[in-house]
Amino acid sequence: MDKKEFTLRVEAIKKQLYKIAYLYLGNEASALEAVDEAVYRGFKARKQLRQPEYLTTWLTRILINECKKELKRLSKMVWKDTWELEGEAYDYDALPLQEAIEKLPAQLKEVVILRYFSGYTLSETAQSLEIPQGTLVTRQRRALQLLRLELGEGIRK
């Protein structure tokens, strides 16, 4: 894949990548940084991509790894009360759904973000997470059960 084709295809999916990063990190600056780093790493390794039609899932996988690195780095930092300013700009973080998703285990959170917030199909999500579709379906079902419990919907009769 040449530079021009890579650039055009990345521009088409950059907004989608940002949404994924923002849902993982919950912070605009960190999300933008993660997307930039993922695109940079993807650009450097673009010749390793054997099937260009899988660019989106390949780049999503790189982005997820970058988000995980960033979360690990952030967890090691000592935080002060600096998040208050950000809370004013983003009411989205106060939504019960966002809080419920944050409480999910990492594997289930990945599935919810890719399937329901990024619009990936089952096969695209499975490819991005490098897991079998059956495993993905199980994780999806479990994540939805936990979200229902967390949001108070419980068991319907």
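**Note on the pockets, fold and selected residues**

1. Helix α3 gives the largest pocket the largest share of its lining, four residues. Helices here are DSSP runs (H or I, at least four residues), strands likewise (E, at least two), numbered from the N terminus. This is a predicted model, in which local features need pLDDT of at least 70, side-chain atom pairs count only at pLDDT 80 or more, and totals for chains, interfaces and linings use all residues. Residues are numbered from 1 along each chain as its sequence is written, and side-chain values use heavy atoms, with hydrogens and water left out.

2. The largest pocket has a volume of about 280 Å³. A pocket is an open set of points on a 1 Å grid over the protein atoms alone, where a 1.4 Å probe fits, with protein on both sides within 12 Å along at least five of seven lines. Its volume is the space filled by probe spheres set on the points, which are joined across faces, edges and corners. Lining residues have an atom within 4 Å of a point.

3. Which residues line the largest pocket? They are Gln48, Leu49, Arg50, Gln51, Tyr54, Thr57, Trp58, Arg61, Ile62, Gln127, Ser128 and Glu130. The elements that give two or more residues to this lining are α3 (55-76) and α7 (122-129). By type, the lining of the largest pocket has four nonpolar, five polar and three charged residues. Nonpolar means Ala, Val, Leu, Ile, Met, Phe, Trp, Tyr, Cys and Pro; charged means Asp, Glu, Lys and Arg; the others, Gly among them, are polar.

4. The second largest pocket holds about 160 Å³ of space. Tyr24, Lys68, Leu71, Glu102, Leu104, Ala106, Lys109 and Glu110 line this second largest pocket. Helices α3 and α6 (106-117) each supply at least two of its lining residues. Here the largest share, three residues, comes from α6. The lining of the second largest pocket splits into four nonpolar, no polar and four charged residues.

5. Now the fold. The protein has eight helices and zero strands. Along the sequence the pattern reads α-α-α-α-α-α-α-α. Of the 157 residues, 37% are buried. Buried means under 20% relative accessible area, exposed over 50%, and partly exposed in between (1.4 Å probe, protein chains only). Among contacts (heavy atoms within 4.5 Å) with a separation of 6 or more, 66% join residues 24 or more positions apart.

6. Look at Leu17, in helix α1 (residues 3-25). Is Leu17 buried or exposed? Leu17 counts as buried because its relative accessibility is 2%. Apart from neighbours within four places in sequence, Leu17 is in contact with Val35, Val39, Leu59, Thr60 and Leu63. The C-alpha atoms of Leu17 and Ser118 are 8.3 Å apart. Along the chain, those two residues are 101 residues apart.

7. Glu130 deserves a check. Most residues other than glycine have a negative phi. Glu130 is not a glycine, yet its phi is positive, about 55 degrees. Glu130 sits in the loop between α7 and α8 (133-150). Glu130 counts as exposed because its relative accessibility is 63%. Glu130 is also one of the residues that line the largest pocket.

8. Two arginines sit over rings. Arg46 lies over the face of Phe43, 4.2 Å from the ring centre. The charged end of Arg115 sits over the ring of Tyr116, 5.8 Å from the centre. The rule asks for NZ of Lys or CZ of Arg within 6 Å of the ring centre and within 35 degrees of the ring normal.
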